[in-house]
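Me: I would like to learn how to read a helix in a model like this one, and then how to judge the chain around it. Could we take the structure below as the example?

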Amino acid sequence: MERKYKVGEKLPDFVFDTPWKSGLSLYREMGDSPCVLMFLRYYGCSTCQLEMRYLIRDYPQFAAKGAKVFVVLQSQPETLREQAAPDYFPYTIICDPEQKLYQDFAIGSNPHPEQLSARLQEKIQEARSLGIQHGKFEGNEAQSPATFVLDPDKTIRYVWYGVESIDVPSSQELLRILL
């Protein structure tokens, strides 16, 4: 059933694939840890790569809070296998090329406007300055992001349904929300 989840609800378990493993369960992978579940677009997206780089940089702070981080992408597993080693990401990448989870979580799309917002232009410039190039297009180019913070009992502590591709909470915001 497609519906937006709300704070205080228990997030249902789901099975997913990473670029290197298949048939994993969110609940099993979370264990008794809090977690951040972030939906981005796809790995070739330069601003998504930038967000993922921020998460790599800040991952020790998430780990210090005992939190696990999961990033959902519309990318095919092969796309990431071709570009990254299994230990490159300290967090778990969930591949959802059929966009089933995006549909299950009612994460909508936002068609690109004629003119990019100033904030999006800044993020693109920042990505370029770090040598991040736009890669392969995959999935829904207009896909909006979403972020969930779950308590160890799988209850949603925080939910954010974004609009444009860069509309995601910062690591610092997420770290403040985690217990």
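Reply: Gladly, and please keep in mind that this is a predicted model. We can begin with helix α5, where the residues covering its buried positions include those of α2 (46-64).

Me: Which residues of α5 are buried, and which are exposed?

Reply: Burial is judged by relative accessible area, with under 20% counting as buried and over 50% as exposed. In α5 the buried residues are L120, K123, I124 and A127; viewed down the helix axis, they fall within an arc of 100 degrees, so they line one face of the helix. A118, E122 and S129 are exposed on the other side of α5.

Me: How many helices and strands does the chain have, and what is its radius of gyration?

Reply: The chain has 6 helices and 7 strands, in the sequence order β-β-α-β-α-β-α-β-α-α-β-β-α. Its radius of gyration is 15 Å, close to the 16 Å that the globule rule gives for 179 residues, so the chain is as compact as a globular protein of that length. Of these 179 residues, 51% count as buried.

Technical notes. Residues are numbered from 1 along each chain as its sequence is written. This is a predicted model: local features need pLDDT of at least 70, side-chain atom pairs count only at pLDDT 80 or more; totals for chains, interfaces and linings use all residues. Side-chain values use heavy atoms; hydrogens and water are left out. Buried means under 20% relative accessible area, exposed over 50%, partly exposed in between (1.4 Å probe, protein chains only). Helices (H or I, at least four residues) and strands (E, at least two) are DSSP runs, numbered from the N terminus. The arc is that of the directions from the helix axis to the C-beta atoms. Contact means heavy atoms within 4.5 Å. The radius of gyration is taken over C-alpha atoms; the globule rule is 2.2 Å times the number of residues to the power 0.38.
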